Amino acid sequence: FYDPNFTGAVFSSLALYSVARKKYLHSLLFIILLALTFSRASYLAFAICLVYLLVRQKKYIILVLLPLLGVVVYFLPKPFGEGVNLARTFSIFSRFESWRQGIVLFLQKPLLGWGYNTLRSPDGSRFQIDNSFIFLLATTGLAGLAGFLRLLLKGINSIPLSGQVVLLSLSIHAFFNNSLFYIWLSFIIWLVLASGSQKTTEQKTI
């Protein structure tokens with residue numbers, strides 16, 4: 001994936017998928033791999049979704065997994081570099097700036113946006129928005145965001161818990177990166193949604 005944030009999103013989703021299917025031993029491998037990414041957005045998505053699974057499944061063994069991630073991260077060797085510094089602030093402020101620019105563009109064309117893959121900053125240079133939902137607002141406006149959210153919510157209602165937690169994890173991650181439109185994460189999302197669509201079609205046929 002060439003990016004620890006997107007790699008972390010995948011490992012977080014796989015760990016949560018395993019937990020949702022009660023394959024706790026399988027989840028341990030993905031938790032260790034998740035720890036190695038040092039991706040704070042992925043850690044946060046994993047933590048929130050673990051709480052969601054705890055509420056839904058009432059399996060208190062899940063409580064062990066979050067401290068386990070913390071212990072692994074604490075004891076991992078941390079070579080010199082800003083990428084393994086969990087207290088780094090540069091990436092936080094750069095995200096804030098990309099959000100600000102995205103909202104400025106959205107306010108200029110709030111209904112239909114500027115068009116996909118046509119974004120320019122106010123000074124005319126290309127830039128990325130580290131938030132999939134603000135990205136949708138800037139490129140497709142309120143109409144595009146509403147349509148996408150409707151599709152996503154409709155799909156979530158047709159898939160099992162293991163698929164729901166994958167989509168929830170990637171959606172949380174998308175608040176801090178443009179995860180929903182990164183090609184490999186987008187592939188996972190549509191694959192999960194398609195599994196629910198296939199199930200619905202089979203039920204209608206029966």
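This is a predicted model: local features need pLDDT of at least 70, side-chain atom pairs count only at pLDDT 80 or more; totals for chains, interfaces and linings use all residues.
User: What span should the 14 residues of helix H2 have, and how far apart are its end C-alpha atoms?

Analyst: At 1.5 Å a residue, H2 (residues 24-37) should span 20 Å. Its end C-alpha atoms are 20 Å apart, so the two values agree.

User: Which residues of H2 are buried?

Analyst: They are Tyr-24, Ser-27, Phe-30, Ile-31, Leu-34, Ala-35 and Thr-37. To be called buried, a residue needs a relative accessible area under 20%.

User: What makes these buried residues line one face of the helix?

Analyst: Look down the axis of H2. The buried residues fall within an arc of 150 degrees, so they line one face. An α-helix has 3.6 residues a turn, so residues three or four places apart point the same way.

User: Which exposed residues does the face of H2 turned away from the buried side carry?

Analyst: That face carries Leu-25 and His-26. Exposed means a relative accessible area over 50%.

User: What do the buried residues of H2 pack against?

Analyst: Their partners are helix H1 (4-20), helix H3 (40-57) and helix H4 (65-75).

User: Which residues of H3 are buried, and what do they pack against?

Analyst: The buried residues of H3 are Ala-41, Ser-42, Tyr-43, Ala-45, Phe-46, Ala-47, Cys-49, Leu-50, Leu-53, Leu-54 and Gln-57. They pack against H1, H2, H4 and helix H7 (161-173).

User: At what angle do H3 and H4 pack?

Analyst: The angle is about 160 degrees, and the axes are 10 Å apart. Angles over 145 degrees count as roughly antiparallel. Therefore H3 is roughly antiparallel to H4. On the H3 side the contact is made by Tyr-43, Phe-46, Ala-47 and Leu-50. On the H4 side it is made by Leu-65, Leu-66, Leu-69 and Val-73.

User: How many nonpolar, polar and charged residues does the contact of H3 with H4 have?

Analyst: There are eight nonpolar residues, no polar ones and no charged ones. Tyr counts as nonpolar in this scheme, as do Phe, Ala, Leu and Val.

User: Why is Thr-7 called buried?

Analyst: Thr-7 has a relative accessible area of 18%. The cut-off for buried is under 20%. So Thr-7 is buried. Thr-7 is found in helix H1. Setting aside residues up to four places away in sequence, Thr-7 touches Phe-1 and Thr-37.

User: Is Ser-18 buried or exposed?

Analyst: Ser-18 is buried, since its relative accessible area is 7% and the limit is under 20%. Ser-18 also belongs to helix H1. Its contacts, not counting residues up to four places away in sequence, are Lys-23, His-26, Ser-27 and Phe-30.

User: Why is Lys-22 called partly exposed?

Analyst: The relative accessible area of Lys-22 is 46%. Partly exposed lies between the buried limit of 20% and the exposed limit of 50%. So Lys-22 is partly exposed. Lys-22 is placed in the loop between H1 and H2. Its phi is positive, about 65 degrees, although Lys-22 is not a glycine.

User: What is phi of Phe-38, and where is Phe-38 placed?

Analyst: Phi of Phe-38 is near 55 degrees, a positive value in a residue other than glycine. Phe-38 follows H2, in the loop between H2 and H3. Phe-38 is buried, with a relative accessible area of 6%, against a cut-off of under 20%. Just after H3, Lys-58 has a positive phi of about 55 degrees.

User: What makes Leu-142 partly exposed?

Analyst: Its relative accessible area is 45%. That value falls between 20% and 50%, so Leu-142 is partly exposed. Leu-142 is in helix H6 (residues 132-156).

User: How do you know which residues Leu-142 touches?

Analyst: Contact means heavy atoms within 4.5 Å. Not counting residues up to four places away in sequence, Leu-142 touches Phe-106, Pro-110, Leu-111 and Leu-137. Pro-110 is 32 residues apart from Leu-142 along the chain, yet their C-alpha atoms are separated by 6.2 Å.

User: Why is Phe-96 called partly exposed?

Analyst: Phe-96 has a relative accessible area of 43%. Phe-96 sits in helix H5 (residues 90-108).

Key: Residues are numbered from 1 along each chain as its sequence is written. Side-chain values use heavy atoms; hydrogens and water are left out. Helices (H or I, at least four residues) and strands (E, at least two) are DSSP runs, numbered from the N terminus. The expected span of a helix is 1.5 Å times one less than its number of residues. Buried means under 20% relative accessible area, exposed over 50%, partly exposed in between (1.4 Å probe, protein chains only). The arc is that of the directions from the helix axis to the C-beta atoms. Axes are lines fitted to C-alpha atoms, for helices over the stretch in contact, and angles run from 0 to 180 degrees between N-to-C directions. Angles under 35 degrees count as roughly parallel, over 145 as roughly antiparallel, 65 to 115 as roughly perpendicular and the rest as oblique.
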